[in-house]
Amino acid sequence: MRGGVGTGAVGGICHAWAADGRCISLLKVLLSNTCAYDCAYCVNRRSNDIRRTAFEPEELVRLIMDFYRRNYIEGAFLSSGVIGCPDGTMERLIHIARTLRTREHFNGYIHIKIIPGTSERLVLEAARWADRASVNIELPSSASLVQIAPDKKPEAIFGPMRALARASGFESRLLAEHPQAENRKLPDMTPRLASGQVGHIAGAPTPPTEIARSNYPNPPSPPGRDRSPLSLSVMEARKKRLRNPEADIIPAGQTTQLVIGASPESDATILALAENLYLAFDVRRVYYSAFIPTGNDPRLPVVGKPPLAREHRLYQADWLFRFYGFKANEILDPAHPFLDMSLDPKSSWALRNPGIFPVEINTADYNVLLRVPGIGPKSASRIIAARRCGTLRIASLAALGVVMRRARWFITVSGKLAAKEFDEISMRGWHLLEHPELLRRVLLDPAFRDEPSSQLEFQWETD
Ligand code: SF4
């Protein structure tokens, strides 16, 4: 609004969230949009006829400091197209980060993008000055990489990722325990997928899943799942992660990004790759970015609009890795290679696995509670804590944060099916868990989805 105060859409300012939940404003800036590479999905690709421009490194240092002093930003996200060669570009980005830290005494947040193909020496030098570093994979298979981003080679991406993992104290321990792993080649980045899935990143330096998993002997597993060390979920692996305390570079870790919809890989392939990255390289976050058409490059599919719904579902599935103890091959499998666009991944999984439900709220352990649609880490913890004070009633659950419009179908409370308290179908004797298709229709029914989320009165029953 003209004459108003503030704006939510300042060009170049983006937001990142720190581990403690703080929101950090970052100046997200390219040193240059010149690029020697020709990635078909990117507006800055060599073959795109656009106006090119670049900052001098010192110019960018001044800009960042000016913005910081005016309180526009709390940090910077430094990236660039490839100016000539990866090492030359990286040296300029490092110059900016180093100058900010040493000459300007800048203690704000710095995220630095590692250019694929950068030599290990410069990767480590960049990491020295940054809070976070990222190497973008972009495409989930080597076949797509060859076709869509031909200048990027798998080793040029995974080499820097491995160097960052080691330098941050993660892989050194892992390899120390399994030195033979160093020499093993990875035949398939998605080893748990059946044959017939589209593509994989071949030639990655180590077999991430197997190495990472063999690092954790005798892990706990959710009930009903095998206890092999190789079956460790991302959530479990993170709980058991040990770091070398002397490795204090990139305290916010490394991240990566995958472009969604520019290549034909299934969601199962994408999730299996993401899981491997979490386990093998200790990647903090995998970002999924819906492909935005930028022209009519024949190497790309014709899409009307960015697949934002798919991006959203992938983020939900990713959340299941990190906070709910799911594994990629549980969320999707060869029979279900794509996420359900109309239903969240956890509800979808529950409908395919009705055998583990209903879950008894008054006795189920934490990992089992996490499997119930409508119950998250916070509400599961609250349920466990509240049970210490007495037996829970159905009416208590909403106040503990349980989303009853979803959970009601999957739980019993003191042996009584929770849905019976709510809907006519169950009262008439239907057990919807025995009719997953019908339950799916009920879950999709706006009458249930849009139910007001008013929290019921908090009620306790003490014995
Ligand atoms: S290397 Fe980066 S900037 Fe260059 S074309 Fe590829 S994605 Fe775009």
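Me: Helices (H or I, at least four residues) and strands (E, at least two) are DSSP runs, numbered from the N terminus. At about what angle does helix α2 run to β4?

Reply: This is a predicted model, in which local features need pLDDT of at least 70, side-chain atom pairs count only at pLDDT 80 or more, and totals for chains, interfaces and linings use all residues. Residues are numbered from 1 along each chain as its sequence is written. Axes are lines fitted to C-alpha atoms, for helices over the stretch in contact (C-beta atoms, placed from the backbone, within 7 Å), and angles run from 0 to 180 degrees between N-to-C directions. Helix α2 (residues 86-102) lies across β3 (75-79) and β4, and its angle to β4 is about 170°.

Me: Are α2 and α3 roughly parallel or roughly antiparallel to each other?

Reply: The axes of α2 and helix α3 (residues 120-129) are 9 Å apart, at an angle of about 25°. Angles under 35 degrees count as roughly parallel, over 145 as roughly antiparallel, 65 to 115 as roughly perpendicular and the rest as oblique. The two helices, α2 and α3, are therefore roughly parallel.

Me: Which are the edge strands of the sheet?

Reply: Strands pair if DSSP finds at least two bridges between them. Seven strands, in the order β1-β2-β3-β4-β5-β6-β7, form an open sheet with mixed pairing. Pairing on one side only, the edge strands are β1 (13-17) and β7 (285-290).

Me: In β5, which residue is the bridge partner of lysine 113?

Reply: Strands β4 (residues 109-113) and β5 (residues 132-134) pair over three bridges, in the parallel sense. The partner of lysine 113 in β5 is serine 134.

Note on methods
Two residues are in contact if their C-beta atoms, placed from the backbone, lie within 7 Å.
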